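User: I'd like to go through this one label by label and hear what stands behind each. Can you take me through it?

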Amino acid sequence: MEQARILAVDDETMFLEPLVQRLKIRNYDARGVRTGEDALAYLEENPDTEVVLLDMKLPGMSGIQTLEAIKKRSPLTEVIILTGHASLEAGKKGLRLGAYDFLLKPVKLAEILEKIEGARARRNSRYQDGIYMK
Amino acid sequence: MNTIESGKEEGKRAAAPRARFFKKTMLISVAAALIPLYALGASIYFYFLSSYQKKTLEDTRKLAESRANAIHIYLTERTTLLKVLAGQTTLLECARPGALDEKLELLNEGTRSFIDLGAIDREGSQAAYSGPYPLAGRNYRDAPWFQDTLCQGVHVSDVFLGYRGVPHIVIAIRQGKDPSPWVLRATLDSEVLSGLVRFAQMGETGDAYLVNTEGVFQTPPRFEGAVLKESGILPKRVPPGVSVTYRWNAAGEKRLTAYAWLPKEKWLLVVDQDAREGLPLLATARTIELSILTLGSLVIVLTLFVLNRMVIRQLGDAERDRAALDSELAHSSRLAALGRMAAGVAHEINNPLAAIGEIAGLMDDLMDEDFVEKAPSGPMYKEEIGKIISLVERAGEITRRMLGFARRMEPKMEVVDPNLVVKETVSFLEKEAYYRQIEITLDLDPAIPRIRTDRSQLQQVFLNILNNAIDAVQENGHVLVSSRAEGQTVAVVFKDDGPGMDAATLSRVFDPFFTTKQPGQGTGLGLSISHSIMEKLGGGLSASSEPGQGAVFTVRLPVSHSL
């Protein structure tokens, strides 16, 4: 079975690298980038990326701007906001812009995996319904 | 110790302006009330004094005038009687023995004012006499009154001693025509005249007497002097008619004196009294007025004192209320600042915490079963890494709670499990209860429905009630928090075994600013705010208690809002 492609976006490499490693161990095609711009470039090259784990506080493009850009270019890609700088307003705004869910660091990997699977299920359901087929 | 002293100083500083304000308002209000009162009192008194003096002058004047008229009428009547008698007789007839006695008897019918009666021929020789004195045959040819009578026809004399040596008045009438006129002469008892004058001697100091044009007493004065002595009055200076004036006598006393001329008789009636005679009445009026003024002033000052005290007390209460409100606002703002700080700290800690968690998780992932079994201390590594992960989770819980505290500042309706809110609130106070050896027991019904409400406000209510309960119970005290469904409501009950409250305290327990805590320990707003929050949330907050039986606070939440 083809591995699900996951992208994690976080400027904290000490968090990003072990997370990506742990996802790979769990059989995901996981990649990590440190900025919103890098994330958009990666998604350009890999439009089949299913889920993006996105931090809110990023250098350059902010998390919200990155989310908007992702949803504009590849609406099928699900985004899970994963941040230590939680605020209700930012969370609400993220969900309004199409994020699948909002997770506050530190969070157990099991919870992240659960949300990834939930997001993938929603993506697949939309894909099959052809909502976003052009 | 310092705090208490500085508190006292602050109290003194707050009391000083209030005392000054009290003095100032008292001074102004007392002045505003008493100045018109005393001005009114003074004007009434002086009006009364002036009216009284005018009335006294008028009364004295009228008395003098009426007495003078009475004396004049009396003398005129006597003169007329004598004229009528003289007109009805002749000298010859008078000379008949016993004739004058009959006539004198006739004259004195009714009033015994005539002493004697004599008929005198043109030569001045008394032809006939009836009376008690041996005056028959006396000759009056050279007496001034005789000559005057012959000339004027009628003569009323001043009081004089004459041949008889006692004061008397002569009324003489000329009768018959020239060349043989004769004179009918009668002597009036001057005592009768004195009696008429004495009627005008009023009160304790009043005097009345007649003086002739030379100022010689014609009737005896009441106090000093005697008939035919100098009176000291100068009649020539007295204006005609009736007049009233104040004068000073020889003893230096102020006298109120009325003068009334008897024009025909050329006598002056003098009526006088001590000017202070009416003073006792004035003094009584003054005493009554001063008593009313003093009593009125006392009532006014007392009333103003009480009113001003009330105003000052209310101002003080308002100041205290404002201070309490300020303190509550400051407290809220400190809480908000603390919330923001807590959120900032939580955010900063979350990122490294998440990194630690992921690194530890990766290490755990990398330790396969083979490694754990074969590597030296492999199981120990696995166990310690497990501890790191567990500690990261615990720290994460703490930062989440801090964020939750910060978030309570924002009102939000959400679906809430009341039991969870109770547990979370109790967890905030667990440490404090532990240190004070207070046991908080939970008896929560897991079957109660979840409800839609503002979680943070509900938590604030629970926190206020629990804080009060912890403050109320002693060491080793108990607080029981239970929850149950009651028809269409969920009830959360907080029961403590503290000292309880009497009915009076219980009735005011939800009043704003009502507190039984020491000053500075409580604002008296907690339960009041809680009560209004519960009303706003569509529920209610009630309390029941008895002294010595602890207190029970019940929060009721409507299930109609449940989801």
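Analyst: Let's start with a term: a contact means heavy atoms within 4.5 Å. In chain A, residues 24 or more positions apart account for 63% of the contacts with a separation of 6 or more. Keep in mind that this is a predicted model.

User: What makes the radius of gyration of chain A agree with that of a compact globule?

Analyst: The rule is 2.2 Å times the number of residues to the power 0.38. For 134 residues that gives a value near 14 Å, and chain A has 14 Å, so the two agree. The C-alpha trace spans about 35 × 35 × 25 Å along the principal axes of chain A. Buried residues make up 52% of the chain.

User: And what pattern does chain A follow along the sequence?

Analyst: β-α-β-α-β-α-β-α-β-α, with 5 helices and 5 strands in chain A.

User: Over to chain B. Why are E11(B) and E15(B) called edge strands?

Analyst: Look at the order first: the open sheet of 5 strands runs E11-E13-E14-E16-E15 in chain B, with mixed pairing. Strand E11 (439-444) and strand E15 (540-545) of chain B each have a single partner strand, so one side of each is left without a neighbour in the sheet. From one strand to the next, the twist averages 15°.

User: How do you know that E15(B) and E16(B) pair?

Analyst: Pairing takes at least two bridges, and 6 bridges join E15(B) to E16(B), residues 551-558. These two strands run antiparallel. As an example, Leu541(B) has Val555(B) as its bridge partner in E16(B).

User: Which helices pack on that sheet?

Analyst: Helix H9 (residues 418-435) of chain B touches E11, E13, E14 and E16 of chain B, and its direction makes about 170° with that of E11(B). Helix H10 (residues 455-472) of chain B touches E11, E13, E14, E15 and E16 of chain B. The direction of H10(B) makes about 175° with that of E16(B).

User: What puts the buried residues of H5(B) on the same side of the helix?

Analyst: The residues in question are Ser190(B), Leu193(B), Ser194(B), Leu196(B) and Val197(B), in helix H5 (residues 190-198) of chain B. They cover an arc of only 160° around the axis, which puts them on the same side of H5(B).

User: What caps the N-terminal end of H5(B)?

Analyst: That's Asp189(B): a side-chain oxygen lies 2.9 Å from the backbone nitrogen of Glu191(B). The cut-off for a polar contact is 3.5 Å, so 2.9 Å falls within it.

User: Is Leu268(B) buried or exposed?

Analyst: Buried, because its relative accessible area is 0%, against a cut-off of 20%. Leu268(B) is found in strand E9 (residues 267-274) of chain B. Among the residues Leu268(B) touches are Tyr209(B), Ile233(B), Pro235(B) and Trp261(B).

Methods:
Residues numbered from 1 in each chain as written. Chains lettered and ligands numbered in written order. Predicted model: local features only at pLDDT ≥ 70, side-chain atom pairs only at ≥ 80, totals over all residues. Heavy atoms only, no water. Helix = DSSP H or I, 4+ residues; strand = E, 2+ residues; numbered from the N terminus. Axes fitted to C-alpha atoms, helices over the stretch in contact; angles between N-to-C directions. Buried < 20%, exposed > 50% of the residue type's maximum accessible area, 1.4 Å probe, protein only. Arc of directions from axis to C-beta. Polar contact = N/O pair within 3.5 Å; in protein donor to acceptor, adjacent residues only side chain to side chain. Lists of a residue's contacts leave out its neighbours within four places in sequence.
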